[in-house]
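Let's walk through this fold together, one element at a time. Have the viewer open and follow along.

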Amino acid sequence: MQASDATLRHIMYFKNSGAKAGASLLHPHSQIVALPIVPVEVAQRQRHARQWFIRYQKSIFQHTLDTTLKQRDEARRVGGGGSHRVVLEDEHFVCFIPFAALSPYTLWIVPKGSGAHFHEAPEAEMRSFARTLHQALRCLHFGLDQPDFNLVIRSAALEVGAMSVFRPEVYFRWYCTIIPRLGVGGMGGFEFSTGIQSNSSFPEDDAAFLRSLNEP
């Protein structure tokens with residue numbers, strides 16, 4: 001894709017479902033947008049991931065998965081199911097609620113592999129991602145009464161020129177985030193004036209509720 005069009009710098013994958021999520025069409029649809037620039041937020045996210053790797057010699061994504069799964073395992077040992085943030089897990093992916101979630105029931109689906117670009121993911125990983133994503137969306141659909149939501153697949157920029165000396169697969173990992181638009185945890189005066197998101201929901205409680213929807 002990049003080889004056929006040297007002007008491409010970043011590919012966006014996203015889905016807006018419902019009026020609260022900014023959907024412009026009534027029927028379900030997803031969008032892929034190819035940009036000739038690297039958006040500021042994308043560049044900052046990669047720069048922070050690269051700085052973490054340089055400082056700690058470990059991917060921030062692997063660190064996040066390791067600490068999240070460790071918390072889950074320790075919680076299980078202490079009290080059966082325990083209090084943790086993991087919702088789903090299979091051979092290739094972990095679906096969890098981040099420690100500092102943007103809003104209630106925000107989900108991340110992070111691959112256990114090391115790919116930085118979504119379009120380069122192997123077929124087996126894509127099949128696993130499709131299953132995990134389907135199950136996660138079912139939990140939100142039935143557990144939260146069909147909420148509006150934004151879904152974004154965050155993939156690395158298509159780095160060219162001087163930036164191509166970096167290997168994004170070493171420090172960055174593509175992942176998916178799903179943000180339900182529930183009418184709570186949205187932008188208010190505090191958020192607009194500070195740029196800081198507020199979320200009064202405990203991620204462990206949100207994860208426990210979503211896990212319960214998968215139990216027989």
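Which elements do the buried residues of α6 pack against? They pack against α2 (60–79), β3, β5 and α3 (123–143), with contact meaning heavy atoms within 4.5 Å. Before going on, note that this is a predicted model, where local features need pLDDT of at least 70, side-chain atom pairs count only at pLDDT 80 or more, and totals for chains, interfaces and linings use all residues. Residues are numbered from 1 along each chain as its sequence is written, and side-chain values use heavy atoms, leaving out hydrogens and water.

Helices (H or I, at least four residues) and strands (E, at least two) are DSSP runs numbered from the N terminus. In helix α6 (residues 203–212), the buried residues are P203, E204, D206, A207, L210 and R211; buried means under 20% relative accessible area with a 1.4 Å probe, protein chains only. Down the axis of α6 these residues fall within an arc of 160 degrees, so they line one face of the helix. That arc is taken from the directions from the helix axis to the C-beta atoms.

Now to the sheet. Seven strands make an open, antiparallel sheet ordered β2-β1-β6-β7-β5-β4-β3, where two strands pair if DSSP finds at least two bridges between them. β2 (31–35) and β3 (86–89) stand at the edges with a single partner strand each, so one side of each has no neighbour in the sheet. Strand β1 (residues 10–17) pairs with β2 over five bridges in the antiparallel sense, and F14 stands opposite Q31 in β2.

Finally, look at the loop between β4 (93–96) and β5 (107–111), where S103 is found. S103 counts as buried at 6% relative accessibility. Its C-alpha lies 7.7 Å from that of Q197, although S103 and Q197 are 94 residues apart in sequence.

Definitions and conventions
Buried < 20%, exposed > 50% of the residue type's maximum accessible area, 1.4 Å probe, protein only.
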